[in-house]
Amino acid sequence: MDSSIVDFYKNKSVLLTGFTGFVGQIITEKLLRCCDLKNLYVLVRSKKGKSWQSRVYETFKDPLFDRLRKEKPDFTERVIGVVGDCGSFNLGLNHEDVKTLLDNVNVVIHAAAIVKFDDTLTNAIKVNVKATKCLLDISTEMRHLQAFVYVSTAYSNCNQKGSIEETFYKPKISGNDMLNLLEFMDESLLNDITPDLLGDFPNTYTFSKHLAEDLVRSYEGKLPLVVFRPGIVMASFKEPVTGWINNYYGPIGLMYGISTGGIHVFRLKLETNAEMVPVDMVVSCILASAWDIGRNSYQSIPVYNFVPSRKNRLTWGQFLEENFAAAETFPNSKAYWYFAFETVEDKIKYSILHFFYHTLPGHIVDFFLQFTNTKFRLSRTYKLINKLSSALEHFVFNSWNFEHNNVTELWKKMNAVDQEKFFFDMEQLNWKDFHTESLRGMRYFIAKDDPSTIPYALKRHKVLKVVHYVVTYSIKGVALYLLAMLFLWIYTSVIFPMFN
């Protein structure tokens with residue numbers, strides 16, 4: 001039995017935005033390794049003094065592409081860099097590149113986005129909405145286009161309560177109206193009214209993705225469109241290597257901070273659902289959705305909520321428990337403290353504990369660091385941790401019932417070969433194994449902590465544990481002693497003389 005999906009992509013030309021991003025790199029690797037593409041056009045820009053050629057070259061040096069280099073050493077011959085920028089007018093494309101894309105592209109995967117929660121509304125709209133419109137407009141003129149996949153987020157409608165279906169939700173202001181507002185309104189004024197525009201949305205990222213979806217919907221009937229909404233995208237589970245990750249965003253950053261002994265308290269509601277999904281399964285479903293729309297016509301645009309299966313849920317409590325269990329077997333050899341950690345729900349209690357566990361120790365450490373040549377300041381790190389806690393608050397204290405019938409049906413359409421090559425059945429995912437491999441990958445790919453250091457790390461972990469409890473109980477003992485002395489002084493100096 002042949003792979004229908006592989007056959008679909010054979011000799012096709014794909015345009016990918018977000019090539020240097022986390023998801024974009026996995027899309028690139030998967031397409032080049034598993035499919036015989038004609039060309040992969042990647043939109044890339046110069047950044048921080050590096051040319052787009054340098055950025056492409058550096059991207060392919062990542063261990064993520066080791067397997068691809070072995071299986072298809074000539075893979076770079078099919079990669080064509082297209083100079084562009086999602087923050088520029090008309091994507092920063094020149095006339096010749098536009099003509100090339102119009103004449104050759106069969107599949108568009110728009111995965112580029114600003115994912116910063118605290119970015120200004122102006123920047124978020126420019127990149128996440130305006131760039132999407134530019135690409136949609138260009139795509140309407142592509143002569144051989146068979147599929148356009150817009151990569152959104154499961155939280156694009158997180159202002160909703162309860163269920164989020166695989167459909168479009170009408171915004172208070174349309175995507176096109178928002179673009180008109182952006183063009184004619186002064187940026188400072190737009191920033192001033194941002195809270196009113198956001199409404200129940202927690203940040204500019206989710207709001208801008210919500211508007212971008214509305215913009216995509218307005219092209220219904222003009223393009224073979226798909227809207228793909230992944231949950232919290234985590235490390236790879238199996239492909240091309242287990243546990244690959246290249247960023248500290250979200251839960252990965254939290255676990256890294258805990259594993260180094262840096263984070264000791266965080267605001268979480270352990271019973272809420274954690275909508276985490278492995279990046280390789282995300283990519284497999286994206287590619288399958290393009291395959292499906294490329295060979296079928298639908299009356300309305302298919303929307304895919306790619307989240308954990310209702311039959312295989314994950315909670316934040318389970319996430320932490322399974323990560324801690326794994327961390328005990330291969331701790332971080334670079335940890336500077338034992339990973340003592342607790343979660344709280346109450347804001348006031350969290351603020352108090354954050355001060356004593358993070359802020360105060362951070363300033364004490366920084367006092368001594370100022371006499372060294374290091375520029376590292378622990379107090380700055382703890383400010384970022386507090387910022388992360390605020391950014392994730394909406395997502396760790398709320399649960400949604402995400403419908404995912406379209407994802408289930410897409411999986412059923414695939415033959416056995418495709419289900420093996422492009423695996424994305426979240427019902428079959430073993431969460432314990434996934435968390436173990438994710439933590440192992442974080443240790444290796446982010447912390448650059450080689451597996452050979454595990455024996456040393458285990459010994460260090462035991463020592464840090466003893467030190468932690470000795471210091472902790474000593475501080476508590478001193479605190480109790482001082483408290484007892486205070487009460488004794490009050491009794492002998494105030495209370496006793498009053499009655500004698």
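Reader: Thr132 first. Is it buried or exposed?
Author: Thr132 is buried in this predicted model. Its relative accessible area is 0%, which puts it below the 20% cut-off for calling a residue buried.

Reader: Which helix is that in?
Author: Thr132 belongs to helix H6, which covers residues 121-139.

Reader: And what does Thr132 touch?
Author: Leaving out residues up to four places away in sequence, Thr132 touches His110, Val127, Tyr150, Ala212 and Val216.

Reader: OK, jumping to Ser13. Where does it lie?
Author: Ser13 is in strand E1, residues 13-17. Ser13 is buried too, because its relative accessible area is 1% and the limit for buried is under 20%.

Reader: What's packed against Ser13, I mean what does it touch?
Author: Its contacts are Lys38, Asn39, Tyr41, Asn104, Val105, Asn106 and Val107, again not counting residues up to four places away in sequence.

Reader: Now Arg45. Where does that one lie?
Author: Arg45 is in the loop between strand E2 (39-44) and helix H3 (52-60). With 33% relative accessibility, Arg45 counts as partly exposed.

Reader: Which residues is Arg45 in contact with?
Author: Trp52, Arg55, Gly84 and Asp85, once you set aside the neighbours within four places in sequence. There's also a C-alpha distance for Arg45 and Gly81: those atoms are separated by 9.1 Å, with the two residues 36 apart along the chain.

Reader: Switching to aromatics. How many aromatic pairs are there?
Author: The count is 28 aromatic pairs. Take Phe306 and Phe424: their ring centres are 6.2 Å apart and their planes are at 65 degrees, so that pair is edge-to-face.

Reader: Why edge-to-face for Phe306 and Phe424?
Author: Because planes over 60 degrees apart count as edge-to-face, and the planes here are at 65 degrees.

Reader: Where do those two lie in the chain?
Author: They link distant parts of the chain, 118 residues apart. Phe306 is in strand E11 (residues 303-306), while Phe424 is in the loop between helix H17 (416-421) and helix H18 (431-446).

Reader: Phe306 and Phe424, buried or exposed?
Author: Phe306 counts as buried at 1% relative accessibility, and Phe424 is buried with a relative accessible area of 1%.

Reader: Which rings link into a cluster?
Author: Phe117, Tyr155, Tyr205, Phe395, Trp400 and Phe402 are linked into a cluster by ring pairs.

Reader: What about lysines, which charged ends sit over a ring?
Author: Lys30 has its charged end over the ring of Phe422, 4.9 Å from the ring centre. The charged end of Lys222 sits over the ring of Tyr219, 5.2 Å from that ring's centre.

Reader: On to the holes. What volume does the second largest pocket have?
Author: About 790 Å³. The lining of the second largest pocket is made of 20 residues, and Phe356, Tyr357, Pro361, Thr472 and Ile475 lie nearest the centre.

Reader: Which elements give residues to that lining?
Author: Helix H14 (347-369), helix H15 (378-396) and helix H19 (454-498) each give two or more. H14 provides the largest share of the second largest pocket's lining, six residues.

Reader: How many of those lining residues are nonpolar, polar or charged?
Author: The lining of the second largest pocket has 14 nonpolar, four polar and two charged residues.

Reader: What lines the largest cavity?
Author: Ser259, Ala327, Phe330, Pro331, Asn332, Phe339, Leu439, Met442 and Arg443. H18 gives the largest share of that lining, three residues. By type, the largest cavity's lining splits into six nonpolar, two polar and one charged.

How values were computed:
Residues numbered from 1 in each chain as written. Predicted model: local features only at pLDDT ≥ 70, side-chain atom pairs only at ≥ 80, totals over all residues. Heavy atoms only, no water. Phe/Tyr/Trp six-rings, centres within 6.5 Å; stacked < 30°, edge-to-face > 60°. Helix = DSSP H or I, 4+ residues; strand = E, 2+ residues; numbered from the N terminus. Buried < 20%, exposed > 50% of the residue type's maximum accessible area, 1.4 Å probe, protein only. Lys NZ or Arg CZ within 6 Å of the ring centre and 35° of its normal. 1 Å grid on protein atoms, 1.4 Å probe; cavity = no way out; pocket = protein on both sides within 12 Å on 5 of 7 lines; lining within 4 Å. Points joined across faces, edges and corners; volume = space filled by probe spheres on them. Nonpolar A, V, L, I, M, F, W, Y, C, P; charged D, E, K, R; others polar. Contact = heavy atoms within 4.5 Å.
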